[in-house]
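Hi there,

Here is the structure I promised to pass along.

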Amino acid sequence: MMDATKYQIGYYPPPVEPGHVYEWMQKDHIETAPAWCSVDLRDGNQSLVVPMSLEEKLEFYEMLLKIGFKEIEVGFPAASETEYEFLRKLIDEDRIPQDVTIQVLTQCRDHIIRRTFEAVKGAPRAIIHFYNSTSEAQRREVFHKSREEIKQIAVDGAKLIKELSREYEGNFLFEYSPESFTGTEPEYAVEVCNAVLDVMQPTPDRPMIINLPVTVEMSMPHIYANQIEWCSKHLKYRDAVVLSTHPHNDRGCGVADAELAVLAGAQRVECCLFGNGERTGNVDAINLAMNMYSHGVDPKLDFSDMPAICEVYERVTRMHVYERSPYAGSLVFAAFSGSHQDAIAKGMTYRKEHHQHRWDCPYIPIDPHDISRTYDADVIRINSQSGKGGIGFLLQQNYGYNPPPHMREQLGYRVKEVSDHEHRELSVQEVLEVFEDNYVNNAAPLNVTAAHYTQNQDGSISANLTLRRGSRMIQCGAAGNGRLDAVANAIEQAAGMDFTLIHYSEHALDPDTDSRACSYVGLKWPDGRETWGCGTHTDIIVAGVRALVSAINNR
């Protein structure tokens with residue numbers, strides 16, 4: 001039996017200011033992308049069961065550069081030899097582009113700070129990110145220190161960092177995080193940050209980053225937004241401060257925390273691809289950036305080759321991209337439901353027919369092509385839950401077939417029967433095989449092996465046929481108001497059948513000048529049943545006859 005009484009609210013809302021209305025609540029969307037800092041090579045690496053090797057970190061780093069990250073936290077160089085060597089390799093081999101800033105993390109501890117400066121010496125542009133925990137729980141349970149003592153740790157760290165930045169070769173910027181900010185009283189967090197700012201003395205042309213991390217998610221996202229806005233308005237040197245957020249995902253709200261924080265004044269987001277990181281992970285850079293993209297905001301990050309990004313990530317981290325992970329998962333654009341498939345197919349057709357640039361296809365929030373996903377493999381997926389719309393869309397999209405609605409419905413049942421019987425999803429090729437096996441150029445037990453036509457004086461057409469019915473060959477003929485009608489009449493009379501032609505349509509099957517014609521025929525029988533057939537041939541007349549014969553053979 002679960003016992004909720006052991007839990008209580010552990011976060012601290014901002015002080016109540018009478019009559020104050022939070023400005024972020026008046027906003028309904030993010031207008032511009034924040035500055036992005038990838039922490040994949042630190043948070044995302046230290047949380048792996050098997051941390052990346054030096055070579056793997058280099059490959060991941062190059063991928064981050066290609067995506068477009070301009071700030072990359074490359075590690076905690078005082079923590080391990082691999083971290084140290086990786087940082088030195090980037091600096092010594094001139095692997096840091098001019099427009100990219102690397103970032104290194106250090107605790108506010110003397111020997112760790114000194115080791116960090118040794119590692120980052122000579123960097124063309126580097127952020128020294130220092131932190132200490134300020135939360136009420138850690139002050140009381142871990143450090144057994146007062147507010148003043150915890151603040152002094154931050155101040156002493158800032159003083160040493162400022163001193164060493166003058167001694168060591170390199171171009172250094174600075175970032176401070178009151179770790180466990182979400183468990184810290186906002187007014188105290190601001191007090192500590194302002195004390196650090198007084199030491200560092202940032203200016204608008206040399207700003208300092210103040211990062212307010214969701215080290216542990218402890219509140220609903222709107223509370224965090226209130227904390228961000230309150231702190232933003234009470235920090236000193238505000239025009240010389242870049243306010244940053246670093247959301248974790250303990251409550252599953254990391255993306256919401258980041259989005260609301262940006263509305264509330266955060267100018268920068270620290271994040272990881274696919275939400276990697278300690279415990280439930282950091283905010284997912286892909287999810288967050290693509291949300292902005294789907295609202296028409298350029299995120300300044302390039303995820304146009306999502307499959308390649310997934311491949312590198314899974315290989316070097318040994319993690320798995322969850323199939324339902326927003327935008328990146330293998331199933332996030334997939335529709336198995338028949339009604340969804342039908343709406344998607346009609347939406348795609350509407351866009352094509354109306355030459356529509358704006359994306360508003362039902363059920364699909366962004367164009368899969370934008371991130372190198374394909375309609376056939378990713379959007380319409382066929383199993384026992386699928387419907388005629390999706391199946392018809394796949395045939396048309398991949399093979400040029402465009403069967404009429406009633407024929408699609410009948411085909412849909414056949415496809416679902418196969419999937420249901422075999423308890424598995426069918427590939428597009430397998431859907432084609434079901435269609436062709438059952439409907440296309442079906443020449444048994446009846447077939448027209450030869451046909452000759454003559455024009456009659458009354459405008460009608462006579463057809464003289466050679467039929468094969470099983471092992472018998474039959475000569476027959478009849479007149480009709482067109483070639484197909486004449487053939488149908490001849491078959492009815494010779495074979496003793498009774499049917500009504502209820503549908504005929506045709507289209508070109510191939511895009512080139514030697515295209516095959518494709519015809520569809522629907523027949524209705526005395527007992528009310530409908531049968532369908534498809535015929536293909538370079539001669540449109542032959543294609544029509546083949547479709548008629550296929551429909552007869554499906555009786």
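**Cores, helices and one proline**

Let me begin with Leu 273. Setting aside neighbours within four places in sequence, Leu 273 is in contact with Asp 40, Phe 60, Met 63, Leu 64, Ile 67, Phe 69, Asp 284, Ala 285, Ile 286, Phe 303, Ile 309 and Tyr 313. Please keep in mind that this is a predicted model.

Leu 273 also belongs to the largest nonpolar core, which has 111 residues. Leu 273 is among the residues with the most contacts inside that core, together with Tyr 61, Phe 69, Ile 102, Val 120, Ile 210 and Phe 303. Helix α7 (residues 186–200) gives the most to this core, with 10 residues. There is also a second, separate core of 26 residues, which includes Ala 486, Ala 488, Leu 548 and Ala 551.

Next, a residue of helix α7: Pro 186 has its place there. Is Pro 186 buried or exposed? With a relative accessible area of 1%, Pro 186 counts as buried, because buried means under 20%. Not counting residues up to four places away in sequence, Pro 186 touches Tyr 12, Pro 13, Pro 14, Gln 227, Trp 230 and Cys 231. Arg 472 lies 286 residues from Pro 186 along the chain, and the C-alpha atoms of the two are separated by 93 Å.

Now to helix α3 (residues 81–92). How far apart are its end C-alpha atoms? They are 16 Å apart, which agrees with the 16 Å that 12 residues should span at 1.5 Å a residue. The buried residues of α3 are Glu 83, Tyr 84, Phe 86, Leu 87, Arg 88, Leu 90 and Ile 91. What covers them includes the helices α1 (43–46), α2 (54–67) and α4 (110–120), along with the strands β2 (71–75) and β3 (101–107). Just after α3, Asp 94 takes a positive phi of about 55°.

Last, a pair of helices. Two packed helices are described by the angle between their axes and the distance between the axes. For α17 (residues 483–495) and α18 (residues 540–553), the axes come within 10 Å and cross at roughly 35°. The crossing of α17 and α18 is right-handed. On the α17 side, Arg 483, Leu 484, Val 487, Ala 488 and Ile 491 meet Ile 541, Gly 544, Val 545, Leu 548 and Ile 552 of α18. By class, this contact of α17 with α18 has 8 nonpolar, 1 polar and 1 charged residues.

Best wishes

Technical notes
Residues numbered from 1 in each chain as written. Predicted model: local features only at pLDDT ≥ 70, side-chain atom pairs only at ≥ 80, totals over all residues. Heavy atoms only, no water. Helix = DSSP H or I, 4+ residues; strand = E, 2+ residues; numbered from the N terminus. Expected span 1.5 Å × (residues − 1). Buried < 20%, exposed > 50% of the residue type's maximum accessible area, 1.4 Å probe, protein only. Contact = heavy atoms within 4.5 Å. Axes fitted to C-alpha atoms, helices over the stretch in contact; angles between N-to-C directions. Left-handed = near helix turned anticlockwise from the far one by under 90°. Nonpolar A, V, L, I, M, F, W, Y, C, P; charged D, E, K, R; others polar. Core = buried A, V, L, I, M, F, W, Y, C linked by side-chain atoms within 4.5 Å.
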